[in-house]
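Okay, everyone, thanks for coming. Let me put the structure up and then walk you through a few bits of it.

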Amino acid sequence: MAAPRWITRLRPKPLGLRARITLAFALGAALLSIVLASTTYVVTRGTLVRQREAVLLRQAYLNANQTIDAFGTNGGNILTRLQNLPLAGSKPVVVYQGRTTPIDPDVGLDAIPVELRNRAATGVPARMRFRLDGKPWLGVAIPIPGSNAVYYELTNLAELNKTLRSLAAVLVGASLLTTASGILLGMWASGRAVRPLAQAARAAEAIAGGRLDTRLEPVDDPDLRALTNAFNAMASALEMRVERDARFASDVSHELRSPLMTLSASAEVLQSRRDELPERAAVALDLLVGDVARFQGLVGDLLEISRFDAGAVHLNLEELLVGEFVANAVRASDAGEGVPVEVDDDAADSIIRADKRRLAQVVANLLDNARFYGGGATAVTVSLPEGPSPESVLIAVEDAGPGVPPEERHLIFERFARGTGAGRRSTTEGAGLGLALVTEHVRLHRGRVWVEDRTDGTPGARFVIELPVTE
Amino acid sequence: MGTRILTVEDDERIRTAVKLALEDEGWTVEEADSGEGALLAFGRAPTDVVLIDIMLPGIDGFELCRAIRRISDVPIVMVTARIDTHDVVAGLEAGADDYLTKPFAPKELSARIRALLRRSTRPNVAGHARLGFGDLEIVPDEGKVVLAGRELALTKTEFRLLCELASAPGKVFSRESLLDRVWGYDYFGDGRLVDVHVRRLRTKVEVDPANPRHVITVRGLGYRLQS
């Protein structure tokens, strides 16, 4: 059975560079602090326990010695003697001739581990750590020489454990703090590390946006210098290439324009004498004149789009009243004759910064498109998008044609694309570059263009240009 | 003798076709295939309009334009390859009155030429004997402009532009209205025509063109003549 496709989606996304650097710093800091904290804890605990045991041992010997004296005088006086010993929390127990004398009735013979008693029975001093009621204790056994008595001193080590626990808490806290610092340091370092990349990305975006003279600032860092130099070399090569293409386009432009110039001027001379021509020649002349105009338009569009590709198009921006502009643009276009312009009141005085001629070309191209594929535009509307404070204005060209199927709505803005249904109707009309040029022009004006169904429910296409308005 | 037009174009086929089309308008057409030839032809006979392709062998269109401007105020139409290159502004600054981009329809060319001819014969303020604006004086009927007692050499378009502004001193004229009144353009006329001509006019009518006292820019609106 084939693996279901969603499995691939469960694979974790590879982390970004910044995240990886930060993670590395965090892990490093965590590891380091854990090792340091553990070592500190182990060493400190060892030292503390040893010191405490040494103190207790010394004290036990002293106390045992004092107790020995008591044996010399009066065995019955042992309890009093025990009570007078400097004990510091220890619980002495003396076992003598099967008699147990505990100072604390709770800590008697039963409390002393059998093992310790056995070791004391061999006659040598012994010590042992053990647990009593779940608490750690230290037991010291000192057999008293010259008798079979054993002096035991039992000490609760809970105090020491409490100290160790707070030490552990402090160390864990410090580790967490160190890890957190590691994360912060990692974020800062990764930010610094990727900053040149972000700058390169911004520069690349600027170049993609047409500002071909964008370069990265030279840096001293030898690691980054390679990137900077390579990037700048690439940008220079690209700029040179674009310039060469632009020159090529302008050379081609001159080469194509000259014969077209001759053709159109000659055709016009002939046309002014059309009445003098025989019938068949006049028909041929009409074909010639019509196609010279088409050829001219096609060459113009081709050159225009090649200039867009070369990034050689510069806008001649001025502030325009959108309502007035659209009315004029529709009036000036061939396909706009008789098309009503409907300008919403709140949109009429919106001001756009635009290249008048280029934007008029956009409107003319949309009107041409409506004529070729939609049976002619039915209206051109100017309105504001919905919303409280619109920052753009919508110019829409509507027709009453078959509309554009959703799956073709992106394709028709491609070069030489034609709607499938509409293409049949006029196989000879339209260069197929009109909408591609619209896209380029609108993009250069920082706007958007799209096609949708007519909003009033009537069948037909609605081509919308959205342009930013200026304050 | 009718209107004489000098066309300067190195492509013989274009030159011939344009000549045929312009002759259909009833004008006399002189031809030159280079800047040097154009200067010779210009010196030979009085010319009403010069059409210059900026791509010329030898001395180029800009150079030719400046050379003609030194000796004449004749209306000049430049033919450029592209509308959005600096060629247009450079051509206007070299002294051209108007421009066309190639390939243009001959009908469009004749329309431009007619506008230039009209411009050179009929200023708007004819009838006034003389108009004074401080040290600046305009004598419409004689086509004369005097600054501080010294007569200025304005081109016909500059003179017409100044007269339009002088027809309503102090009133702000938008670029569009000046394009319409001086050049005969509709809404889609090129505002750079006005801007460059105002700049050129200022170098003549202003004592300090950087701080104009007569032709004032009204930001975002247009220009006015200080009354």
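**A two-chain model, piece by piece**

Let's start with V182(B), which sits in helix α7 (residues 175-183) of chain B; helices here are DSSP runs of H or I with at least four residues, strands are E runs of at least two, and both are numbered from the N terminus. Before I go on: this is a predicted model, where local features need pLDDT of at least 70 and side-chain atom pairs count only at pLDDT 80 or more, while totals for chains, interfaces and linings use all residues. Residues are numbered from 1 along each chain as its sequence is written, and chains are lettered from A and ligands numbered from 1 in the order in which they are written.

So, is V182(B) buried or exposed? It counts as buried, because it has 26 C-beta neighbours inside 10 Å. The cut-offs are 20 or more other C-beta atoms within 10 Å for buried, 12 or fewer for exposed, and partly exposed in between, with C-beta atoms placed from the backbone.

Zooming out, chain B has 8 helices and 12 strands, and 42% of its 227 residues count as buried. Chain A has 12 helices and 12 strands, with 30% of its 471 residues buried.

Now the cores. A nonpolar core is a set of buried Ala, Val, Leu, Ile, Met, Phe, Trp, Tyr and Cys residues joined through C-beta atoms within 7 Å. The largest one has 61 residues, and I52(B) and L162(B) have the most contacts inside it. Leaving aside residues up to four places away in sequence, L162(B) touches I138(B), V145(B), L154(B), L201(B) and V205(B); a contact means C-beta atoms, placed from the backbone, within 7 Å. Apart from that core lies another, of 43 residues, including F325(A) and V363(A).

α8(A) and α10(A) pack with axes 9 Å apart at about 60°, which makes α8(A) oblique to α10(A). Axes are lines fitted to C-alpha atoms, for helices over the stretch in contact, and angles run from 0 to 180 degrees between N-to-C directions. Under 35 degrees is roughly parallel, over 145 roughly antiparallel, 65 to 115 roughly perpendicular, and the rest oblique. On the α8(A) side the contact includes F325(A) and A329(A), and on the α10(A) side V363(A) and L367(A) are among the residues. By class, that contact has 10 nonpolar, no polar and 1 charged. Nonpolar here is Ala, Val, Leu, Ile, Met, Phe, Trp, Tyr, Cys and Pro; charged is Asp, Glu, Lys and Arg; the others, Gly among them, are polar.

What about α10(A) and α12(A)? Helix α10 (residues 356-373) and helix α12 (residues 434-444) of chain A have axes that come within 9 Å and cross at roughly 150°, so the two are roughly antiparallel. Their contact involves, among others, L359(A) and V362(A) of α10(A) with L435(A) and V438(A) of α12(A).

Last stop, the interface. The contact takes 25 residues from chain A and 23 from chain B. Which element gives the largest share of the chain A side? That's α6(A), with 13 residues. The chain A side divides into 7 nonpolar, 12 polar and 6 charged.

Key:
Contact = placed C-beta atoms within 7 Å.
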